[in-house]
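I opened this model to look up a few things and wrote down each one as I went. The entries follow in the order I took them.

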Amino acid sequence: MQNMSVGVIAVMTLAVVITVYMLPVLTMFSGKFTELIKLSVSVAISHPLKMILVLFLNVIPAVLLYMDEINRPTYVFIGAFFGFGLIAYIVGKILLSQFEPYLGMSKAD
C-alpha cells in the first residue's frame, strides 16, 4: 500500500465509482456505452456525500476481509448471513434517491 502513488489510487477510485454506478445506469437508461459511463460519473459527482457512503459500504467489507486475517472467519460468517443483502438494500435505497430526478419519480410513487 505504501508503494501506490496518488494517481493509481485516483484511477482505482474512479474505476470503482464507474462500476458501482454503472449497473443502475444500464438498467434505467439506454444509449452508447461512453454516454452511460459519463452519466454514471456525473450522477456520482453530483452527490458527493452519497457517493462516499456508497463507496464506503461497498469497499470496507472487502478491505476488512483482505487486511484482518485473524477475524476473517467472523467477517465471512457475518457477511454471508447479514452483510450482502443488507448492504445491497441500503445501497439500493441510496442510489434510488440519487436517480429520482432523472426518472421523474416522486416520493409518492
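**Entry 1: a term I needed.** The expected span of a helix is 1.5 Å times one less than its number of residues. I noted before going on that the model is a predicted one.

**Entry 2: the length of H2.** I looked up helix H2, which runs over residues 33–46 and has 14 residues. From its first C-alpha to its last, H2 reaches 20 Å, and this is close to the 20 Å expected at 1.5 Å a residue.

Entry 3: Which residues of H2 are buried? I found Leu 36, Ser 40, Val 41, Val 43 and Ala 44. They sit on the same side of H2 because they cover an arc of only 160° around the axis. On the other side of H2 I found Lys 38 and Ile 45, which are exposed. I then asked what covers the buried residues of H2. The cover includes helix H1 (6–28), helix H3 (48–67) and helix H4 (72–103).

**Entry 4: the whole chain.** I stepped back to the protein chain and found 4 helices and 0 strands. Read along the sequence, the pattern is α-α-α-α. I looked up the box that the C-alpha atoms fill, and along the principal axes it is roughly 50 × 35 × 25 Å. The protein chain has 109 residues, of which 21% count as buried. I also looked up the contacts in the chain with a separation of 6 or more, and residues 24 or more positions apart account for 62% of them.

**Entry 5: Val 91.** I picked Val 91, which lies in helix H4. Is Val 91 buried or exposed? Its relative accessibility is 9%, so Val 91 counts as buried; the cut-off for buried is under 20%. Leaving out residues up to four places away in sequence, I found that Val 91 touches Val 54, Leu 57 and Asn 58. Val 91 and Ile 45 are 46 residues apart in sequence, and their C-alpha atoms are 16 Å apart in space.

**Entry 6: Gly 31.** Next I looked for Gly 31 and found it in the loop between H1 and H2. Gly 31 counts as partly exposed because its relative accessibility is 49%, and exposed needs over 50%. Gly 31 and Leu 96 are 65 residues apart in sequence and 20 Å apart in space, C-alpha to C-alpha.

**Entry 7: a pocket.** Last, I looked up the second largest pocket, which has a volume of about 350 Å³. How many residues line the second largest pocket? I found 16 in the lining, and those nearest the centre are Pro 61, Tyr 75, Gly 79, Gly 83 and Ile 87. The elements that give two or more residues to this lining are H3 and H4.

Technical notes: Residues numbered from 1 in each chain as written. Predicted model: local features only at pLDDT ≥ 70, side-chain atom pairs only at ≥ 80, totals over all residues. Heavy atoms only, no water. Buried < 20%, exposed > 50% of the residue type's maximum accessible area, 1.4 Å probe, protein only. Arc of directions from axis to C-beta. Contact = heavy atoms within 4.5 Å. 1 Å grid on protein atoms, 1.4 Å probe; cavity = no way out; pocket = protein on both sides within 12 Å on 5 of 7 lines; lining within 4 Å. Points joined across faces, edges and corners; volume = space filled by probe spheres on them.
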